[in-house]
Amino acid sequence: MPITKIKIHPAIGIARLGNSPTEFFIGPELRGDRRPPKGGYKDASHRIKRQAARFRLFGYDQNDALVKEITASDATIEWTVHLANKKADWVQFQGPAAQTDPTLRRNPNVKNRASLIIDPGERSLRGPKKTARFDTGKFFGKKVPLGEIRTDEHGHLLVLGGFGKSDSPKHSRIKHWANNDGWHDDVSDGPVTANVTLRGTDQTVQAAPAWVICAPPKFAPPIDSIITLYDTLFQRAVDNGWLSEPDPPSFTNDIYNVLIRAIHTKWVSAMAAPHHATLSSEIPPPGTAADRQAIFARLRDPNIPLAQPSDGDMPMIWSDIYDTAGHDSSQPLTKSQYNALKKWSDGNFIDDWVGPPGVASEISAEGLDRAALEACVGGAFYPGIEASWMLRDTFAFSEPFRLDQTFLSAGDVTKQMAVPWQTDFYDCALDGNLAWWPATRPDDVFPEKQKKQVSWTRGLVGSGKDMIARWHKLGFVIQDRDVYVERRK
């Protein structure tokens, strides 16, 4: 069948900051792929490699059936990307209750609001092996590079973000974990578009657009958050009537991933270790009904408002309303995750276990979407790591996982995030009996060749200012056979 429609995948791509000037690696493209890049996450000088987001094109026929992936051998492709950072011009982050109150803007005394927005404009590439840099944006008149785009030999697009540089041209003091006037960082986001002219035709097709988020590093790459951004946006698609919950759920595809993420949390948070035994007893299935029901009883019900008490507190992470609900503001699983575990606890699930699922064998459009988002935080959004609650609750989608860009512009997805990002990264360690995002920002780790779990930031970071100066010296958690250890170099 002839190609009548073209889409960019992943629909939301994730690039990550790093301070290595020369080395980078491609972010996850296959579901379940947590293999480290060649040489590890740091270069020979112990600088963090940037993670590039790679975008591909897929052609569909008039019935929306996939025809093929489109590369430079099939078409002339012109990619266009627009990155921007709007954090300093946006509303102070105060949690979802504050919404977007214009009286609470960051840098309220700055009249020239455009001077607060780092916006180098669009960059376009046509053909393989091309490069363009986002190096003309300014903050208070000072240039702030936001990264670059490249095309590889096949015509795929690579987006690389900034180098993790945060600064204050006016030498302002760090005063808050999220809202620091006079400061900028080089986090960014924006639209990715492509015009495609297929070989043998004179018709140019505009591909369904994607979005890219250039976010902070993920310091425990082989460990996923219990609630990933894929889970959260899958729930959004279910709520929109586009996708359906699994009924009955598959143990391998729908239950195991929640259990193993919770089990793996022990490697990045000492708080999680006491819960490991009961969770592990259910793998392989079916385990015991008593243990399944005991695990489910510990879950917070997502149908109960966050501000109301709940008998369950799992997965024991702080919620979106952290500072308004006291110590009962734990974040629940998504409704789809919760419903799957309810059926599992009742014995209503498909026991299809043949062992842990491996890495997907082939690149696919849907697989690219999932691989990118499963490596991201899906809650709590206070404000989050890659994106905040507006991505879940406010922005419109045109189809599952694809943002409707009608009313969006570059910088909108990350404008809610902390400025600079390092102050939030410092502050969001284990707090009381609940954690934040230990799969991205570890609390406790096991250093290589040591048996004692210690603080991830030990000896390096004791303040937000330290995190700004030394974030790139922190270690990455890597898998070493059946354990997960920290490597600082």
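Contact here means heavy atoms within 4.5 Å, and helices (H or I, at least four residues) and strands (E, at least two) are DSSP runs numbered from the N terminus. With that in hand, you can see the buried residues of helix H5 packing against H1, helix H2 (251-264) and helix H4 (289-297). Please keep in mind that this is a predicted model, in which local features need pLDDT of at least 70 and side-chain atom pairs count only at pLDDT 80 or more, while totals for chains, interfaces and linings use all residues. Residues are numbered from 1 along each chain as its sequence is written, and side-chain values use heavy atoms, with hydrogens and water left out.

- Helix H5 spans residues 335-345 and is mostly covered, with eight of its eleven residues buried; buried means under 20% relative accessible area, exposed over 50%, and partly exposed in between (1.4 Å probe, protein chains only).
- The buried residues of H5 are Ser336, Gln337, Tyr338, Ala340, Leu341, Lys343, Trp344 and Ser345.
- As a reminder, an α-helix has 3.6 residues a turn, so residues three or four places apart point the same way.
- After H5 comes Gly347, which has a positive phi near 85°.
- Over in helix H4 you will find Ala290, which counts as exposed because its relative accessibility is 55%.
- Ala290 and Asp346 are 56 residues apart in sequence, and their C-alpha atoms are 10.0 Å apart in space.

**Salt bridges**

- Searching the whole structure turns up 36 salt bridges, each being a side-chain nitrogen of Lys or Arg within 4 Å of a carboxyl oxygen of Asp or Glu.
- Arg34 pairs with Asp224 in one of them, with 3.1 Å between the closest N and O atoms.
- That pair links distant parts of the chain, 190 residues apart: Arg34 sits in the loop between strand E3 (24-26) and strand E4 (50-60), and Asp224 in the loop between strand E15 (210-215) and helix H1 (229-239).
- Arg34 and Asp224 are both buried.
- Arg54 and Asp152 form another salt bridge, at 3.6 Å from N to O.
- Arg54 lies in strand E4 and Asp152 in the loop between strand E11 (147-151) and strand E12 (157-160), so this pair ties together parts that are 98 residues apart in sequence.
- Asp152 is buried because its relative accessible area is 10%.
- Both Arg54 and Asp152 belong to a network of salt bridges that also takes in Glu29, Arg56 and Glu69.
- Asp443 and Arg441 also meet through their side chains in a salt bridge, 3.8 Å from N to O, and both residues are buried.

- Asn180 sits in the loop between E12 and strand E13 (188-198) and is buried, with a relative accessible area of 3%.
- A polar contact is a pair of N or O atoms within 3.5 Å; within protein, one must be able to donate a hydrogen and the other to accept it, and residues adjacent in sequence count only if both atoms are side-chain atoms.
- The Asn180 side chain reaches the backbone nitrogen of Lys175 at 2.7 Å, and one of its polar atoms lies 3.2 Å from the backbone oxygen of Val419.
- Leaving aside residues up to four places away in sequence, Asn180 touches Arg173, Ile174, Lys175, Val419, Pro420 and Thr423.

**Pocket and cavities**

- The grid has 1 Å spacing over the protein atoms alone: a cavity is a set of points where a 1.4 Å probe fits but cannot get out, a pocket is an open set with protein on both sides within 12 Å along at least five of seven lines, and lining residues have an atom within 4 Å of a point.
- Grid points are joined across faces, edges and corners, and a volume is the space filled by probe spheres set on the points.
- The largest pocket has a volume of about 760 Å³.
- Its lining has 27 residues, of which Gly32, Tyr256, Ile260, His264 and Pro357 lie nearest the centre of the pocket.
- H2 supplies the largest share of that lining, eight residues.
- There are three cavities of 30 Å³ or more, and the largest cavity holds about 80 Å³ of space.
- Residues lining the largest cavity include Lys87, Trp421, Asp424 and Phe425.
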